[in-house]
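Student: I am new to this structure and would like to learn how to read its features one at a time. Could you take me through them slowly, giving the general idea before each case?

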Amino acid sequence: MTSELIILCVAAALAGVVNAIAGGGTLLTFPALALILGPSAAAAVAANATSTVALFPGSLAAMWGYRRELSGAGPWVVPLMGPSLVGGAIGTWLVAQRDPKEFQLLVPVLILAATVLFLLQPSITKWTGIGKPHESPSLAARTGIIGFQFLIAFYGGYFGAGIGILMLSALALMGLSDIHRMNGVKTLLASAINGISVVLFIWFDKVHWNLAVPMILASIVGGFVGASVARRLNKNLVRQTVVVIGMLLSAYYFLRIYGILGERTT
């Protein structure tokens with residue numbers, strides 16, 4: 001178990017670094033936990049739950065770091081908080097209570113979707129004009145954005161990787177142009193989504209605490225390291241590294257889960 005804990009703590013520390021710089025830490029912690037917990041469908045759900053709990057303190061730390069930027073952010077937080085909590089709760093409930101085989105079969109698709117989001121992040125940023133002034137959206141547009149936030153939260157509660165860039169896009173379309181305030185609001189909403197997920201995963205007893213606790217400590221250390229070196233590292237290089245890892249993992253899970261590598265897992 002010592003070697004397994006070392007693997008998990010290294011993955012969690014790297015995830016903390018990556019989350020502090022470019023996002024995407026789940027793409028490191030989830031497969032590491034899935035490797036340790038085994039190939040079963042129930043293990044995949046437990047890996048998802050334990051990964052969420054392990055990285056949650058990092059979200060809280062980031063939210064605290066943006067506390068000044070959150071001052072006066074009520075016009076964006078208030079309409080999006082409800083759909084964030086409801087969507088996150090429904091997504092988490094589904095992954096925790098439905099047949100675990102359903103989640104297992106979706107793992108390659110979820111990892112691929114998250115990887116594609118990170119790959120397209122610069123293009124999404126340019127398309128939505130993140131960080132640039134926008135006109136206030138119409139009532140119909142705001143309603144659509146709130147619905148979009150619900151879908152983001154639903155996906156976040158179900159798996160989670162990649163929700164940051166989606167929320168930044170929604171906030172840009174809502175007329176928020178200050179990138180620092182945008183990151184603050186995004187972090188607050190992500191903390192709400194992850195927080196409701198953590199509560200439900202604990203309630204449904206899906207967390208492996210003997211693995212989660214050391215990973216929490218490692219991810220916090222990684223987050224501090226990431227925050228201190230963020231200005232010196234090339235974010236594009238970090239993103240590209242995460243994308244390569246995600247693509248390889250997605251290919252591996254497609255091959256393994258759909259029966260091309262050995263017998264199909266159950």
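Tutor: Let us begin with burial, where a residue is called buried under 20% relative accessible area, exposed over 50%, and partly exposed in between, with a 1.4 Å probe and protein chains only. Glu102, for instance, has a relative accessible area of 33%, so Glu102 is partly exposed. Please keep in mind that this is a predicted model, in which local features need pLDDT of at least 70 and side-chain atom pairs count only at pLDDT 80 or more, while totals for chains, interfaces and linings use all residues. Residues are numbered from 1 along each chain as its sequence is written, and side-chain values use heavy atoms, with hydrogens and water left out.

Student: Which residue forms a salt bridge with Glu102?

Tutor: A salt bridge is counted when a side-chain nitrogen of Lys or Arg lies within 4 Å of a carboxyl oxygen of Asp or Glu. Here the partner of Glu102 is Arg98, and their closest N and O atoms are 2.9 Å apart. Arg98 is partly exposed as well, with a relative accessible area of 44%, and a search of the whole structure finds one salt bridge.

Student: How many helices and strands does the protein chain have?

Tutor: Helices are DSSP runs of H or I with at least four residues, strands are runs of E with at least two, and both are numbered from the N terminus. By that rule the protein chain has 10 helices and zero strands. Of its 266 residues, 49% count as buried.

Student: How should I read the length of a helix, and where does α3 bend?

Tutor: The expected span of a helix is 1.5 Å times one less than its number of residues, whereas the bend at a residue is the angle between axes fitted to the seven residues ending there and the seven starting there. Helix α3, residues 41-65, has 25 residues and reaches 37 Å from its first C-alpha to its last, close to the 36 Å expected. It bends by about 30° at Leu55, with a proline, Pro57, following within four residues. Helix α4, residues 74-97, has 24 residues and reaches 34 Å, close to the 34 Å expected, and α4 bends by about 35° at Leu80, where the proline that follows within four residues is Pro83. Both Leu80 and Pro83 are among the buried residues of α4.

Student: Is Asn48 buried or exposed, and what does Asn48 touch?

Tutor: A contact means heavy atoms within 4.5 Å. Asn48 is in helix α3 and is buried, with a relative accessible area of 1%. Not counting residues up to four places away in sequence, Asn48 touches Phe30, Val95, Phe103, Tyr158, Phe159 and Phe201. Phe30, found in helix α2, residues 26-37, is buried with a relative accessible area of 1%, and its own contacts include Ala44, Ala47 and Tyr253.

Student: How far apart are the C-alpha atoms of Ser191 and Ser59?

Tutor: These two residues are 132 places apart along the chain, yet their C-alpha atoms are separated by 5.5 Å. Ser191 sits in helix α8, counts as buried at 5% relative accessibility, and is in contact with Phe56, Ser59, Leu60 and Met63, leaving aside its neighbours within four places in sequence. Across the protein chain, residues 24 or more positions apart account for 83% of the contacts with a separation of 6 or more.

Student: Why is α7 described as largely enclosed by the rest of the structure?

Tutor: The description follows from burial, because nine of the 11 residues of helix α7, residues 163-173, are buried. Among them are Ile163, Leu166 and Ala172. Just after α7, Gly175 takes a positive phi of about 100°.

Student: Which residue has a positive phi although it is not a glycine?

Tutor: That is Asp205, with a phi of about 55°, in the loop between α8 (179-203) and α9 (209-229). At 62% relative accessibility, Asp205 counts as exposed.
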